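Subject: Structure handover

Dear colleague,

Here is the structure for your files. My notes follow below it.

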Amino acid sequence: MDSEEIRNRYMQVFHRLGRIRLDPFFRDISQAEFMPLQKIHCFSLENPQAKGLYVSEIAAQLKVSSPAVSRTLRSLEEKELIERIPDKKDRRNTFIRLTDKGEKTRQEVFSDICRYFDDVFARMGGEDMESLISLVERLSFIMEDEVRRKKASCTEGKRKTEAGDITRR
């Protein structure tokens, strides 16, 4: 297979993967709403004494903006899946934690997703899954590195262009 064929096949396969919707597993919440529930749950397991997570911490862990997380949390709060607890030390901040209903919903969705992936992995086979995961991890690292290199190259090129503009004046 030549370079162009590989590139086209890669784009087709990853496009197809990206279009797979797991909506049937999410019941009354969206995939976007599930992720904060999962992050809050994991945090509470690791930090049982903590009052909850700040919105900014959830945003950082999910790698999305705080306003986007705030919108999602508002929806989860309306569904009574999370609660906000004011930070007594700094009233500008609030802790976010799961309600009992939120934990129950998260657990049901998580169980359904785990069963789905167990079925997929069983059909793929353990050895093939391990190989696939290793290759995708390597691919991700290389792609991220290439993006960083391209950004650095563009930034450097822009600086040289700007410097050239200044010296020509």
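In β3, the bridge partner of Y54 is F95. Strands here are DSSP runs of E of at least two residues, helices are runs of H or I of at least four, and both are numbered from the N terminus. Please note that this is a predicted model: local features need pLDDT of at least 70, side-chain atom pairs count only at pLDDT 80 or more, and totals for chains, interfaces and linings use all residues. Residues are numbered from 1 along each chain as its sequence is written, and side-chain values use heavy atoms, without hydrogens and water.

The sheet: β1 and β3 (residues 94-98) run antiparallel and are joined by two bridges; strands pair if DSSP finds at least two bridges between them. The sheet is open, with three antiparallel-paired strands in the order β1-β3-β2. Because β1 (53-54) and β2 (82-86) are at the edges with a single partner strand each, one side of each has no neighbour in the sheet.

Helix α1 (residues 3-18): its 16 residues should span 22 Å at 1.5 Å a residue, and the end C-alpha atoms are 22 Å apart, which agrees. The expected span is 1.5 Å times one less than the number of residues. D2 caps the N-terminal end of α1, with a side-chain oxygen 3.2 Å from the backbone nitrogen of E4.

Helices α2 (residues 31-46) and α5 (residues 100-124): their axes, lines fitted to C-alpha atoms over the stretch in contact, come within 10 Å and cross at roughly 105°. The two are therefore roughly perpendicular (65 to 115 degrees, on a scale from 0 to 180 between N-to-C directions).

Regards

Key. Polar contact = N/O pair within 3.5 Å; in protein donor to acceptor, adjacent residues only side chain to side chain. Parallel < 35°, antiparallel > 145°, perpendicular 65-115°, else oblique.
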